[in-house]
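Subject: Structure handover: salt bridges

Hello,

Here is the structure for you to look over. My notes come below it.

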Amino acid sequence: MTLLAVGVSHQTAPVALLEQFAMGHDDTVKALHELVGTDHVTEAIVLATCNRVEVFAEVDRFHGGVTEVSRVLARQAGATVEELSPYVTVHYEDQAVTHLFTVAAGLDSMVVGETQVLGQLRAAYALAREQGTVGRGLHPVAQRALRVGKRVHTETGIDRAGASLVSVSLDHAEDRIGPLSGRPVLVVGAGSMGALAATTLARRGAAVTVSSRTPAHAQRLATSVEGRAADLVRLPEELAAAEVLVTCTGARGIVVGTEVVTRAVAGRDGRPLVVIDLALPRDVDPGVAALPGVHVVDLALLQGERTAAGEHPAGPVAADDIAAAHALIEAETALLRAERQAAAVAPTVSALRSQAAEVVDAELLRLSTRVPDLDARARNEVARTVRRVVDKLLHEPTVRVKELASAPGGVDYADALRALFGLGIDAPVVAERSNLAEAVTVDPDELGSQA
């Protein structure tokens, strides 16, 4: 089996393209089952956030797996595989593990060091478990990724330098209108991002109002931050009073139109309005940015700032923190590699010992028929002696194959062991490795880079 990571993110794709990949709960469930229903994908986790849509999968063929995952992604985006290919990244085995760990740690985020993606990965893994699309291959990988993400945030100083998209966006607002303490802020959306926004605003002392398509959700979130809830139909009036609008719904269309904001601006007596749109696809009509007195902060702006600065919008992350995080990820990747390769040789070791036990049993039965008069005590001693000899002969090769499996290419030793002892399971393994070798030979530079 082969571990793959295939997807698109803010690192390679513009926000306009990422909007096409926007996935709700039902979309993700559909994609999970579509993936494991293909010929080559056996397990899958779909991580869909506002900055990325990536599939982590166990596949039985490299090329076949990449093709099938790409087709599912293309269907979700309403595009062809050829149209998406310039933006898709493919990572393989150790590179896939390292990439997943880097994502979990917040090192691959638009805002380096942010923690929200770790919760999103946890939710993606939980959904895949619920849908039965993860098994013995992906369980340890996902669990280790969650552990690595937590370790990076607790054992390095990445949190001191990092921030969430919400925090960076609110920094933009404060740069424009000053501190938010005591200022009225309207949050539209009561999901996970809305809750993060409301909580962060409350910590900054803002007077938070929450509005949502589900009034009960809005009321619950508003109560949790000592704010108030407002009906969504009152959006123009609430906008007229607010200093900042933060919108982050899961809607598939425009929630805040240009006409609504125009009406709100007319009642503001010239006061500026900061609109923060953290939704994907976007909630706010692009025409809002052209209105006088309105400053829009959205994902496209944040992406552009990071690209221009070569760093996250909040400023440079401490080099020591980044180095410490990458060192931890490298060590954890090596540990997981050893575990996965040891697990890969376990069937070979088990088959070898089973074959040896069958040979011993057959020979002892043959001895009992050829020497029927052998007394029970002598028969038992012979049996113990033969089994000890076999165990000693097998001890070194089975221990060594497990040790060697932890090194790169270690599965080759298991293949050799299968062939040498005629275990009858070497042919499929050899064929699989041949395909992987072909993949590397055909395009080695593309593994772990743009596909």
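This is a predicted model: local features need pLDDT of at least 70, side-chain atom pairs count only at pLDDT 80 or more; totals for chains, interfaces and linings use all residues.

The structure has 19 salt bridges.

Start with Arg 75 and Glu 34. Their side chains form a salt bridge, with N to O at 2.7 Å. This pair connects distant parts of the chain: Arg 75 belongs to helix H3 (residues 62-77), Glu 34 to helix H2 (residues 25-36), and they are 41 residues apart. Arg 75 is partly exposed, at 33% relative accessibility. Glu 34 is partly exposed too, with a relative accessible area of 27%.

Next, Asp 171 and Arg 204. Their closest N and O atoms are 3.0 Å apart, in a salt bridge. Asp 171 sits in helix H9 (residues 165-177), and Arg 204 in the loop between helix H10 (192-203) and strand S6 (207-211), so the bridge ties together parts that are 33 residues apart in sequence. Asp 171 has 31% relative accessibility and counts as partly exposed. Arg 204 has 22% and is partly exposed; the cut-off for buried is under 20%.

Then Arg 388 and Glu 381. Their side chains meet in a salt bridge at 3.6 Å, N to O. Arg 388 is partly exposed at 43% relative accessibility. Glu 381 is partly exposed at 35%.

Last, the network. Which residues does it link by salt bridges? They are Arg 144, Arg 147, Arg 151, Glu 155 and Glu 332.

Best wishes

Technical notes
Residues are numbered from 1 along each chain as its sequence is written. Side-chain values use heavy atoms; hydrogens and water are left out. A salt bridge is a side-chain nitrogen of Lys or Arg within 4 Å of a carboxyl oxygen of Asp or Glu. Helices (H or I, at least four residues) and strands (E, at least two) are DSSP runs, numbered from the N terminus. Buried means under 20% relative accessible area, exposed over 50%, partly exposed in between (1.4 Å probe, protein chains only).
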